[in-house]
Amino acid sequence: MNQLGLVAVLATSASLFGLNTASAATIVTGSVERTSDAAYAFTSDNLQYEDGSSFGGTNLTLFCIEPSKDAPRNNTVYRFSEDPDGGLLSGGVKSAAALNWYVDSYYDSYFVNGTAGQQWAFQNGIWELAADYKGTQNSISPYSGQSRPGMDGTTLAGFRTAWKTIYADFGMALNGLSDDYRSSTYTLTYLDTPRNRQNLLAISEADPQLPAVPLPAAGWLLVGGIGALAAAKKRRS
């Protein structure tokens, strides 16, 4: 079999096996809708990549991460750019690790099942880690920077106690936190919002780890074809 014929077999095998040979999409298009929670939180059922695949997993919730800007408009189609590694965050990989720890620690208790005061405190914690935190303890303050819950005059019950708890935990937990820390319960990624609107943190439930399954026949054909192509190249050389 010549090289062109082998390439055709490989392409057919990849298609049969369900493999996506295109590069991962980074553009996400769709709209978001503000929830009724006491945080700048949004949901969406139409965000998708350019190849038509859905963005986000189970129970997707999105949060604003730039308090100095206006939030995205409801039901307005945006062309977002996805940043899974934290390049949009003030502390880069350190902020990404901190947000993963924070979501593990407070998302369920303070946002999903929390009071309005706890939800607003949770939002302030997101802003702190995404917009102010530089990877050092002295970059965290409830009284300066873009997130300043200590100067927030809200009368929401429980807010003051909640943000004090969160910031005390920042002081203990973030010191020495590995830059590689990632949640095993949730998947976090980030969206760069156009039109000078707040960028977004996207949180969804992590997909369960599936057990290994036998490789279908088309998969073995693909593996064998790659090996044959390498061998043919070696013989010519």
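Two strands count as paired if DSSP finds at least two bridges between them. Helices (H or I, at least four residues) and strands (E, at least two) are DSSP runs, numbered from the N terminus. The model is predicted: local features need pLDDT of at least 70, side-chain atom pairs count only at pLDDT 80 or more, and totals for chains, interfaces and linings use all residues. Residues are numbered from 1 along each chain as its sequence is written, and side-chain values use heavy atoms, with hydrogens and water left out.

**View 1. The elements of the protein and the order of its sheet.** The protein has five helices and eight strands. Read from the N terminus, these elements follow the pattern α-β-β-β-β-β-β-α-α-α-β-β-α. The eight strands form an open sheet in the order β2-β3-β5-β8-β7-β6-β1-β4, with antiparallel pairing. Its edge strands are β2 (33-34) and β4, each of which pairs on one side only. Of the 237 residues, 41% count as buried, where buried means under 20% relative accessible area, exposed over 50%, and partly exposed in between (1.4 Å probe, protein chains only).

**View 2. Strand β5 and its two partners.** Strand β5 (residues 58-64) is mostly covered, since five of its seven residues are buried. Strand β3 (residues 41-43) is joined to β5 by two bridges, and the two strands run antiparallel. Here A41 stands opposite F63 of β5. β5 also pairs with β8 in the antiparallel sense, over five bridges. The bridge partner of C64 in β8 is L200. In a regular strand the side chains alternate between the two faces of the sheet.

**View 3. Strand β1 between β6 and β4.** Strand β1 (residues 27-30) runs antiparallel to strand β6 (residues 78-83), and four bridges join them. Two bridges join β1 to strand β4 (residues 48-49), again in antiparallel fashion. V28 has a bridge partner in each of these neighbours: F80 in β6 and Y49 in β4. Strand β6 is in turn joined to β7 by three bridges, and these strands run antiparallel. In β7, D83 has Y190 as its bridge partner.

**View 4. Aromatic pairs, with two examples.** Rings of Phe, Tyr and Trp (its six-membered ring) pair if their centres lie within 6.5 Å; planes under 30 degrees apart count as stacked, over 60 as edge-to-face and the rest as tilted. The structure holds 22 aromatic pairs. In one of them, the ring centres of W101 and Y106 are 6.4 Å apart and the planes stand at 80 degrees, so this pair is edge-to-face. W101 is buried, at a relative accessible area of 10%, and Y106 is buried at 7%. Y107 and F111 form a stacked pair, with 5.7 Å from centre to centre and 20 degrees between the planes. Both Y107 and F111 are buried. These two residues are four apart in helix α2 (residues 93-112), so about one helical turn separates them. An α-helix has 3.6 residues a turn, so residues three or four places apart point the same way.

**View 5. Two charged side chains, R34 and K94.** A charge sits over a ring if NZ of Lys or CZ of Arg is within 6 Å of the ring centre and within 35 degrees of the ring normal. R34 lies over the face of Y40, at 4.3 Å from the ring centre. K94 is found in helix α2 and is partly exposed, with a relative accessible area of 34%. K94 and Y181 are 87 residues apart along the chain, and their C-alpha atoms are separated by 9.1 Å.

**View 6. The largest pocket.** On a 1 Å grid over the protein atoms alone, a pocket is an open set of points where a 1.4 Å probe fits, with protein on both sides within 12 Å along at least five of seven lines; lining residues have an atom within 4 Å of a point. The largest pocket has a volume of about 160 Å³, the volume being the space filled by probe spheres set on the points. It is lined by 14 residues, of which G56, G57, T187, T189 and S204 are the closest to its centre. The elements giving two or more residues to this lining are β7 (186-192) and β8 (200-205). The largest share, four residues, comes from β8.
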